[in-house]
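Hi everyone, thanks for making time for this. Please have a look at the sequence and the model on the screen, and then I will walk you through some of its parts.

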Amino acid sequence: ISGSAREGQQLTSAPGTWTGSAPIAFKRGWQRCDRDGVNCVALAATGESYTVVAQDVGSTLRVKVEGRNAEGVAYATSAATALVSGNPPNNTAAPTVSGNTRSGQLLSAKPGSWAGTQPFAYEYAWRRCDAEGAACVSIPGATAQSYRLTDADRDARIRILVTATNMAGTGEGNSAPTVAIGPAEPPVVVRAPSLSGILRDGQMLTIDNGEWSGAATIAYKYAWWRCDALEAGCAPISGAVAKSYTLSPADVDRRIRVIVSATNPDGSATATTAATGLVAVNPPANTSPPAVSGATRVGQVLSVKLGSWTGTPTLGYAYEWLRCDASGAGCLPIDGATANTYRLADADLGAKVAVRVTASNPGGAATKDSAATPTTITPAQPPVNQALPTITGVARDGETLTWAPGSWTGIATISSTRRWLRCDAAGAGCTPIAGATASTYRLTPAEAGRTVRLEVTARNPDGEVSARSAALAVSAAPPAVTRLPTVTGVARDGQTLTVATGTWTGTPTIALSIGWQRCDASGGACAAIADAGAATYLLTPADIGSRIRAQVTGSNAAGTVTAHTAIGSIVEVAPPAATVLPGIEGTPRDAQLLTGSQGAWTGTEPITYEWQWRRCSPTGASCQNIPGADGATYRLTPADVNSTIRLRVEATNRRTMTPVESPPTAAVQAAKPILLTPPEITGATRDGETLTATDGTWSG
């Protein structure tokens, strides 16, 4: 590689010297390596020459050459270049200063254009120069990219010195000097602002900004204020910030003034207009005439539509109804008709009607007449019943009746409402049935023995008329079972059966009575059980082998109906059941007498009992019958020692046997020895003789 290893310079590669069969073709690949010439990365460059770029600075470069002929390929890599160096900053376009060159304004600097290895770091130094832009000195502390001018800069010219630094060095660039720094020129009012326009609600006022001195361009803002009649108690008008303002009712009898704010780059100032005179009320004026609405028949109500009016609220309105001839002319006031509605009377027949509306406020009054009604007034035509309403359906408690409205004449459209009435047996003394206004009505017990009628009220715009149907006598509904009675309980001697009476319909009050019946095993030949009339029945031995059912009879004024439950299962014998377990009394010790009790039992009598004493393990398990021990008592023997004893009682009735055992005794203890006769010594009581002792007799 030949050439200078510096950013922007061109390097050239030579392939070196190669052996092999000609021709040999060469290809190059440039590489960027670390400062030691290793850890290389291939670049996109493949030409004979390569221009060094900023990314190569601080690295070395190598070129890899590929030699290729018909026999194969070989590679060779050049030595690394020297470490690639950068170019120090070089100012190619001078820095610039922008901004308003008056005291108090902010100047900003741009660094200009620079050549050299990126990146650059910039430092700024603001300098104050003489009137020719020379003899510049740095301004203490002014090292930011912007600088606010002060009075110390007056008549001076300002320059910015920019120092650029990169890895290869530093460079400086100096801006051209600004024009001479002038004094600040904030706005100053020369002629006060003023207001023009008509001082009346609804009119527009406009502001003249007046005259101002100061640096151009001056921007203006406005704040409209409302003051009382004495020009005190002023407050800003919400949202009123434009150059013009339309007066509103809130301004009536008040004065208006405006605060004008003038702003330029050097500052702001305000000036206030003189207060206006008092804002006047806007008197009423009609912009569209009133009108009359409503049906033009005697008895109907006409209403006023006010039309449209302008003027300061709140407007008050007065009305005067006018009766006109058939052509709508010659209108004269109708005595007493001064409300905003008018009900047509017989005196208006054949005439037309208009209304006169007068609007007023503190600023004055205005009057406007409506056009007359489009047609002359005609007679009223309320509904007329031609055929009475009718009721169809079965007149019995629980049944549904349906209405027919009858027939009616009168001006359309006729609407009708209905209500069902409950009356006495003669069809008189009728009262409305609460909530009964539908086209059908389901009769209830409250109507049984009475009559019902239907009242229809027909309405049209000219009135309403009611008519009633003929009275319909309502009978009571006899009892009817909708869910059969049922019996619950266990079919066994000693158990209690319970009847649920089922569900019944019919006119209240329905009286229910209960009877129990005993049937044979096939469910036939049922006969009443004497004195069994309650909702429960206790099965007795007399019921064993039979089936039981209940009978429920419902009665009211309209009749009597009887319903039976399903026939129950065959009543069984109640097997013996111990309510108190057998027990054992006595001391669990050899030779002691134990006494048993059979406990307490329930079940169908007669019950027989068999006893058996049993010898068990110390825990009361693994019991074995004790032969011959089947009486009410048992005397413990040595064989029982360290065992426990239980008593088994078997209770039997009608082929049903129930065995029950007592809890075990404590473990049987051995009996302590007891001396019955004392021991004795026999023999001659002489030296040399033999004595003999006896044990005596003992129990245990």
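**Strands, cores and rings**

Let me start with β9, which is joined by 3 bridges to strand β13 (residues 146-148), the two running antiparallel. Within that pairing, leucine 107 stands opposite tyrosine 147 of β13. Two strands pair here if DSSP finds at least two bridges between them. Strands themselves are DSSP runs (E, at least two residues), numbered from the N terminus.

A word on the source: this is a predicted model, where local features need pLDDT of at least 70 and side-chain atom pairs count only at pLDDT 80 or more, while totals for chains, interfaces and linings use all residues. Residues are numbered from 1 along each chain as its sequence is written, and side-chain values use heavy atoms, with hydrogens and water left out.

Threonine 96 stands opposite lysine 110 in β9. The hairpin of β8 and β9 has 6 residues between the strands, and in it glycine 104 takes a positive phi near 95°. Which residues of β9 are on its covered face, and which on its uncovered one? Leu107 and Ala109 make up the covered face, whereas Leu106, Ser108 and Lys110 make up the uncovered one.

In one, 3 strands form an open sheet in the order β17-β18-β22, with antiparallel pairing. Why is one side of β17 (194-196) and of β22 (244-246) left without a neighbour in the sheet? Both stand at the edges and each has a single partner strand, so one side of each has no neighbour there. From one strand to the next, the twist averages 25°. For angles, axes are lines fitted to C-alpha atoms (for helices over the stretch in contact), and the values run from 0 to 180 degrees between N-to-C directions. β17 is joined by 3 bridges to strand β18 (residues 204-208), and serine 196 stands opposite threonine 206 in β18.

The other is an open sheet of 3 strands, ordered β45-β46-β50, and its pairing is antiparallel. Here β45 (486-488) and β50 (536-538) stand at the edges with a single partner strand each, so one side of each lacks a neighbour in the sheet. Neighbouring strands of this sheet are turned by 25° against each other on average, direction ignored. Strand β46 (residues 496-500) pairs with β50 over 3 bridges in the antiparallel sense, with threonine 498 opposite threonine 536.

The largest nonpolar core has 18 residues, and Trp321, Tyr342, Val353 and Val355 have the most contacts inside it. Such a core is a set of buried Ala, Val, Leu, Ile, Met, Phe, Trp, Tyr and Cys residues joined through side-chain atoms within 4.5 Å. Buried means under 20% relative accessible area, exposed over 50%, and partly exposed in between (1.4 Å probe, protein chains only). At least two residues of this core come from each of β27 (301-305), β29 (316-324) and β32 (352-361). β32 gives the most, with 4 residues. Apart from this core lies another, of 16 residues, including Trp224, Tyr245, Ile256 and Ala262.

The structure holds 13 aromatic pairs, where rings of Phe, Tyr and Trp (its six-membered ring) pair if their centres lie within 6.5 Å, with planes under 30 degrees apart counted as stacked, over 60 as edge-to-face and the rest as tilted. Ring pairs link Trp114, Phe120 and Tyr122 into a cluster.

Charges sit over rings too, given NZ of Lys or CZ of Arg within 6 Å of the ring centre and within 35 degrees of the ring normal. Lysine 64 lies over the face of tyrosine 75, at 4.9 Å from the ring centre. The charged end of arginine 418 sits over the ring of tryptophan 403, 4.4 Å from its centre.

Last stop: valine 561, in strand β52 (residues 559-564). Not counting residues up to four places away in sequence, valine 561 touches Pro479, Trp504, Val552, Thr553 and Gly554.

Conventions. Contact means heavy atoms within 4.5 Å.
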